[in-house]
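This report walks through one protein chain, from its packing to a few single residues. Please keep the sequence and the 3D view at hand.

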Amino acid sequence: MAKAIFGAGCFWGVEAFFEKFEGITSTRVGYIGGDLDNPSYEQVKTGKTGHAEAVKVEYDPTVITYSELVNIFFETHDPTSKNRQGADIGHQYRSAIFYNDASQKYIAEEKIKEWDEKGTFKRPIVTEVVQSTTFYEAEEHHQKYLQKNGSVACGIG
């Protein structure tokens, strides 16, 4: 199985969206890209740790490609909104692709160009494409949060 990590705002909704697609074998929500080891949700939501809320997607590349995952990522959120998704504001809700290797980086950068050229969005894409660092899994009660709580939308309390 291969892995991909995406930040697209509130991780609960992003996780639920990705799980709908064939070839995705597992998802985990967590934190990446910050300065604090093993941060908690309470710490990350302050915006002071530098982490993004993110989803780690494990997938079967013979069923779904990384390129297709990046397309799904752009369908999950507004990649033209810097550090904000809906009512969630702050660097922890940034649009980001955390690549694991040069191939993922290339695909992500090419997909940004492709989506910008298609004109799907009214503004340019501001998604960060950055090297993956340590992914810290969020607390267990955040995993599959929307499914556990019978929700269909994301809301941060």
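The buried residues of helix 3 pack against strand 1, helix 1, strand 2, strand 3, strand 6 (95-99) and helix 4. This is a predicted model, in which local features need pLDDT of at least 70 and side-chain atom pairs count only at pLDDT 80 or more, while totals for chains, interfaces and linings use all residues. Residues are numbered from 1 along each chain as its sequence is written, and side-chain values use heavy atoms, with hydrogens and water left out.

Some terms come first. Helices (H or I, at least four residues) and strands (E, at least two) are DSSP runs, numbered from the N terminus. Buried means under 20% relative accessible area, exposed means over 50%, and partly exposed lies in between (1.4 Å probe, protein chains only). A contact means heavy atoms within 4.5 Å.

In helix 3, the buried residues are Tyr66, Leu69, Val70, Ile72, Phe73 and Phe74.

A nonpolar core is a set of buried Ala, Val, Leu, Ile, Met, Phe, Trp, Tyr and Cys residues joined through side-chain atoms within 4.5 Å. The largest such core has 33 residues, and Phe6, Phe18, Tyr59 and Leu69 touch the most other members. At least two core residues each come from strand 1 (2-8), helix 1 (11-18), strand 2 (24-32), helix 2 (41-44), strand 3 (52-59), helix 3 (66-76) and helix 4 (102-118). Helix 3 gives the most, with six residues. In soluble globular proteins, nonpolar side chains tend to be buried together.

Which residues does Leu69 touch, not counting those up to four places away in sequence? They are Ala4, Phe6, Phe18, Ile24, Val57, Tyr59 and Ile64. A second, separate core has seven residues, including Ile32, Ala52, Ala96 and Phe98.

Phe6 sits in strand 1. Its relative accessible area is 0%, so Phe6 is buried. Leaving aside neighbours within four places in sequence, Phe6 is in contact with residues including Phe18, Glu53, Tyr66, Leu69, Val70, Phe73 and Ala96.

Helix 1 has its own buried set: Phe11, Trp12, Val14, Glu15 and Phe18. The cover over these residues includes strand 1, strand 2, helix 2, strand 3, helix 3 and helix 5 (145-148).

## The chain as a whole

The chain holds five helices and eight strands. Along the sequence they follow the pattern β-α-β-α-β-α-β-β-β-α-β-β-α. The radius of gyration is 14 Å, close to the 15 Å that the globule rule gives for 157 residues, so the chain is as compact as a globular protein of that length. This radius is taken over C-alpha atoms, and the rule is 2.2 Å times the number of residues to the power 0.38. The C-alpha trace spans about 35 × 30 × 30 Å along its principal axes.

Of the 157 residues, 45% count as buried. Take the contacts with a separation of 6 or more: residues 24 or more positions apart account for 76% of them. The chain exposes about 7,700 Å², and carbon and sulfur atoms supply 50% of that area. Areas come from the Shrake-Rupley method with a 1.4 Å probe.

The chain has 17 positive and 23 negative charges, and their mean positions are 5 Å apart. Lys and Arg count as positive, Asp and Glu as negative; His and the chain ends are not counted. Each charge is placed at NZ of Lys, CZ of Arg, CG of Asp or CD of Glu.

## Separations and backbone angles

| Pair | Apart along the chain | C-alpha separation |
|---|---|---|
| Tyr41 and Glu114 | 73 residues | 34 Å |
| Asp88 and Cys10 | 78 residues | 7.3 Å |
| Phe6 and Val29 | 23 residues | 9.7 Å |

Tyr41 lies in helix 2 and is buried, at 6% relative accessible area. Asp88 belongs to strand 5 (residues 88-89). At 13% relative accessibility, Asp88 also counts as buried.

Most residues other than glycine have a negative phi. Asn38 has a positive phi, near 50°. Asn38 is in the loop between strand 2 and helix 2 and is exposed, with a relative accessible area of 57%. Lys144 has a positive phi too, near 55°. Its loop runs between strand 8 (136-137) and helix 5. Lys144 is partly exposed, at 27% relative accessible area.
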